[in-house]
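Keep the structure open while you read.

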Amino acid sequence: MDGKRMNNSPDSIAQNPPLSEGLSEVAPANGRAAVTSRNLHHQTWQNVLHLNRDLVAQSSPLLVSGRLTKVTGLVMEAVGLRMAVGSTCWIELPNNRIEAEVVGFAGDRLFLMPENDVQGLVPGARVTPAEPLRTPATLDQPQLPRRRTSDLARHLPVGEHLLGRVLDGAGRPLDQFGPLLEGKTAPLQSRPINPLDRAAIKDALDVGVRAINSLLTVGRGQRMGLFAGSGVGKSVLLGMMARYTSADVIVVGLIGERGREVKEFITDILGKEGMKRSVVVAAPADTSPLMRLQGAAYATTIAEYFRDQGKNVLLIMDSLTRYAMAQREIALAIGEPPATKGYPPSVFAKLPQLVERAGNGAEGGGSITAFYTVLTEGDDQQDPIADSARAILDGHIVLSRRLAEQGHYPAIDIEASISRAMNHLVSPEHFQQVQRFKHLYAHYQRNHDLISVGAYVQGSDPLLDRAIALYPHMEHFLKQGMYESEAYTASMGKFSELFPNEG
Ligand SMILES: Nc1ncnc2c1ncn2[C@@H]1O[C@H](COP(=O)(O)OP(=O)(O)OP(=O)(O)O)[C@@H](O)[C@H]1O
Ligand SMILES: [Mg+2]
């Protein structure tokens, strides 16, 4: 009795304000009876509302669906749905369902691209939209309003628990360490960073490779291209950087390369030590073009997550050319006309969108230093993808087949390579010495044939005499074994020893 009076006390009314203020006016004049009647009414309505709230929460919304009308090669057509480009849907089959993405439309027809293959599809199969995974709201992370298309993009797992893991382009583990249990996710497309908010590149990143540290110094937040033909040592060089860099986290995107290479890169090149602070996203050549694009976007998303945690991230993408090729496959399949050497215009729009996501965050935050490999088949530097990549990246390291054939590893062509942010990272004296190194090295190379046949007479060109004297030291300095690491300060020290008397 006492307890009941307590519940009906004016205090409890103050905590639960009445649904209708008008109620108290029609209540009897007796004070206590008025309060009780009002609260009973209040309570009844509250119960009804709670019950309805639960029922609404349990109900499933009206299911909209369309039908599959056409499948040609990689592209499917569906009718009866209005879905945004970039959204995901399911194609229901008798025994399973296939995930697909909307890649375009014409009139009422949607063009879909499967995440995997199209085996088993039947005419008229039901197509249903898949709602993007929403991140559960947490107290410390305010939810951004979902106004932009990037917010509605697919969400995939991110977090510290990904370190040491190998995942596919859809965030599913490829290794033997079981499923990902934690629920943190992030969208595959992020909002572009305001260029004025980005911190400038001003600190060097130790990549553990002598020639790069001293002659092609890379800054935190810089995006570099690694240009090379096949088999000249790209993977080994990237692996060396991944193992020996001073970055906190390494994210590796293996996009469109051979499946065998994925295992090789993880076990032989990265090794157990390297894997500890790495996340590998693998979308090899046998996966669908959509998966390859998604793999690259996912690796970038993971890198962004760690950058937003204030970490210095090294993002390695092998390769950017295969990413462009995947986009070409999709664009040509949905009817975009090819423009430059078989590449449709959308390819050249996609490349900067991916690359611009790397780089520095806001002042005082983390950074993403990125290396993108670019295939230059037949060592053709005029390839449209190589050309476009050179324009959007902050520097390029060219690997030369001639050097690789001589057993000069890493086969970095010092003359053809450049780090565009280097002058902001090193002292003017060091920068000058680098120019001097390049000048002497190039002068020796130009006269190499003359020297090797013994046609050069010592004393006729003082610069060449100096180059000949220094060449063995320069060559020794540039070579580095694949299991040898050289820290930044040691690289700089050894470099200045090359020119003891020249300032
Ligand atoms: N620093 C090094 N020291 C010794 N050998 C090296 C070094 N770097 C590369 N190599 C040799 O070059 C070979 C090819 O290297 P790698 O697999 O890295 O080439 P790639 O450019 O990635 O090839 P692909 O185009 O097939 O992916 C290696 O198997 C190795 O024998
Ligand atoms: Mg390789």
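Helices (H or I, at least four residues) and strands (E, at least two) are DSSP runs, numbered from the N terminus. This is a predicted model, where local features need pLDDT of at least 70, side-chain atom pairs count only at pLDDT 80 or more, and totals for chains, interfaces and linings use all residues. Residues are numbered from 1 along each chain as its sequence is written, while chains are lettered from A and ligands numbered from 1 in the order in which they are written.

Let's start with ligand 1. Helix H6 (residues 234-244) gives the most to the shell around this ligand, namely three residues. Among the residues around ligand 1 (C-beta atom, placed from the backbone, within 6 Å of it) are Gly233, Lys234, Ser235 and Val236, along with Tyr409, Pro410, Gly481 and Met482. By class, the shell has six nonpolar residues, five polar and one charged. Here Ala, Val, Leu, Ile, Met, Phe, Trp, Tyr, Cys and Pro count as nonpolar, Asp, Glu, Lys and Arg as charged, and the others, Gly among them, as polar.

Now zoom out. The protein chain has 16 helices and 17 strands. Of its 503 residues, 38% are buried, meaning that 20 or more other C-beta atoms, placed from the backbone, lie within 10 Å of the residue's own.

Note on methods:
A residue is buried if 20 or more other C-beta atoms lie within 10 Å of its own, exposed if 12 or fewer, and partly exposed in between; C-beta atoms are placed from the backbone.
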